[in-house]
Amino acid sequence: MRGRTWALVVVLVAVVIAGVIVRARVMGPGSASAPSPAAGPGAPAAGLGGREIRIGSDTTYPPFETVDEKTKAIVGFDPDLMDEVCRRANCKAKFTTTAWDGIFVALAKGDFDAVVSGVTITDERRKAVEFSEPYLRYGQVVLVRTDEAAIAGVDTLARKQVAVQTGTTNDEKATALQKEGKVGSIKRYETFALAVLALVNKDVDAVIIDSYAADGFIKVHDAKLKKVGEPFTSEALGIALRQGDTALKQAFDAALAAMKTDGTLDRLYKTWFVERAPK
Amino acid sequence: MFPSHDPAAPAGRGRLLPVPWERVPWWGLVLLAAGCAAALGIAGSPRYRDTLAFLRDGVVLTLQLTLAAYALALVIGLAAALMRLSRQKVLVTISILYIEVIRGVPLLVLLIYIAFVAAPAVSAVLAGAAQALGMPGVARVITGTIRSDFNRAVLGLAIGYGAYLAEIYRAGIEAIPRGQVEAARSLGMSTGQAMRHVVLPQAVRIVLPPLGNDLVALLKDSALASAIAVPELTQAGRLLSSRTFRAFETYNMVALLYLMMTLLGSLGVRALERWSRGGR
């Protein structure tokens, strides 16, 4: 009996070690350093040589990226964008759900090749990651419940309770507003989905959020919410890459530029932000 | 045939130095060294000093949260334990139901449930009732109290830990031989008097060390409150690392601060253990 138990333990340990080694081989730097400048037919089409691009994304952020209830697939503007970018740059986009908290650290240490998660380009982030050219411009807005009468925009948030997702540019903006006395208090949640749920539950008075995401959540919550006031910032979203990853940056920038010129980006924009926007 | 003496018995024989190596508290020395290194690092690095300054409020809130939740858990736990040991079948059933359900649900799930499902619903019902009775002031106090994430976290942690504390109390009370209660009763004491004067004073000695352990455990679990928007130490750390991208320094400091608090707690528990052993 004892002999059997030990044999079982040894086998288990061997299996685990083998699993770790195989995983390390598959996921390790071997596959990441795959791109070879082998020229294919037509110089731009060779691009990234068909390699898989591992993309980290916090998929709780409609309509940019959410997990489809039925198929469990990651759907939204960002996946469609990256499919199109990769079609042009000759690569394969593979989205993985991860938490926003620590997403750039995971990128830096090589868990992902890119972060596409409605990431705003900021100078502070530029110190840690590389950004592609912007692919979308937007402004931040104030989201409130439909029956809200006291809040008419960003200037009416003094002494109000505002929710954001921790560590987003909306968090930064809310913090800055609070320092100026224009926001009462801030509650920080792990996802915008929870922040918006707190708003629906009447735990907070407003959510500061990017305008397109506000539309996404209005749709999810069956018009229990509304945007008030005009967008009060002007920012841009980009694809976050590891610093010094010029291969990806050049390939993605070229693809984005082409998509801007030939109207593909506009079409994607219409699909996700106009046709599917709440009426 | 049997060796008449143990060759290792004479202390210090065959050793270079007469030091009782196995009795040196190595873990303490390692911690001391790590603590000194950390202190030097913090003193010498403005980054660590900034980090520490940012996290200070989080430490205060973590301590407040822990103490408030623990105080409430002590009360809930004692009530549940006494109900569990009572002769009323209904009370026993309620107590067992509470203990088993709560111990079967992860604390994080319990906290999220209270913050996003139970509290908003209860708040709406109570406030509605108060409003209907013509007491808008009371309604405002109710919603204000329930709206606070801090209060929700305290309630969630207290309900969660109350179930564990109840079992500790019960073990302590049951450890006192039944004969003592019977003896006290035969001397003319009521059941309540026997409990107060005979059982509880002895049970307290038995349960204090495990109760102290749970205080330390609660301190660590208070980190879960970061998921329901309480800006305690863990959330402060997340916030800082997302702003500065200095995950290394931030989480080093967060871990060190938790360790300092829990080690102090552990020392207290050890002292309690010594006291409770010595008293018997």
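Predicted model: local features only at pLDDT ≥ 70, side-chain atom pairs only at ≥ 80, totals over all residues.
Residues are numbered from 1 along each chain as its sequence is written, and chains are lettered from A and ligands numbered from 1 in the order in which they are written.

Lys72(A) belongs to the loop between β3 and β4 (74–75) of chain A, where helices (H or I, at least four residues) and strands (E, at least two) are DSSP runs numbered from the N terminus. Although Lys72(A) is not a glycine, its phi is positive, about 65°. Asn90(A), not a glycine either, has a positive phi of about 60°. Asn90(A) is located in the loop between α4 (77–89) and β5 (91–97) of chain A, and it counts as partly exposed because it has 19 C-beta neighbours inside 10 Å. Most residues other than glycine have a negative phi, and most peptide bonds are trans. A cis peptide bond, with omega of about -5°, links Pro62(A) to Pro63(A). Pro63(A) is placed in the loop between β2 (60–61) and β3 (65–67) of chain A.

Chain A comprises domain 1 (46–137 + 236–275) and domain 2 (140–233), with bounds that come from an automatic or database domain assignment. Taken over C-alpha atoms, the centres of domain 1 and domain 2 of chain A are 25 Å apart. Their contact takes 12 residues from domain 1 and 15 residues from domain 2, two residues being in contact if their C-beta atoms, placed from the backbone, lie within 7 Å.

Strand β12 (residues 206–210) of chain A is mostly covered, with five of its five residues buried. Strand β9 (residues 140–145) of chain A runs antiparallel to β12(A) and is joined to it by four bridges; two strands pair if DSSP finds at least two bridges between them. Leu143(A) has Val207(A) as its bridge partner in β12(A). Strand β10 (residues 161–165) of chain A pairs with β12(A) in the parallel sense over two bridges, and Val162(A) stands opposite Ala206(A).

Helix α1 (residues 26–44) of chain B has 19 residues, of which the number buried is zero, so it lies largely in the open. In helix α4(B), by contrast, the buried residues include Leu110(B), Ile114(B), Phe116(B) and Ala127(B). The buried residues of α4(B) pack against α8 (192–200) of chain A, together with α5 (136–147) and α6 (149–174) of chain B. A bend of about 45° occurs in α4(B) at Ile114(B), the bend being the angle between axes fitted to the seven residues ending there and the seven starting there. Gly134(B), with a positive phi near 75°, follows α4(B).

The contact between the chains takes 15 residues from chain A and 14 residues from chain B. On the side of chain A that touches chain B, α5 (103–108) and β11 (185–189) each supply at least two residues. The largest share, three residues, comes from β11(A).

Methods
Buried ≥ 20, exposed ≤ 12 C-beta atoms within 10 Å, placed from the backbone.
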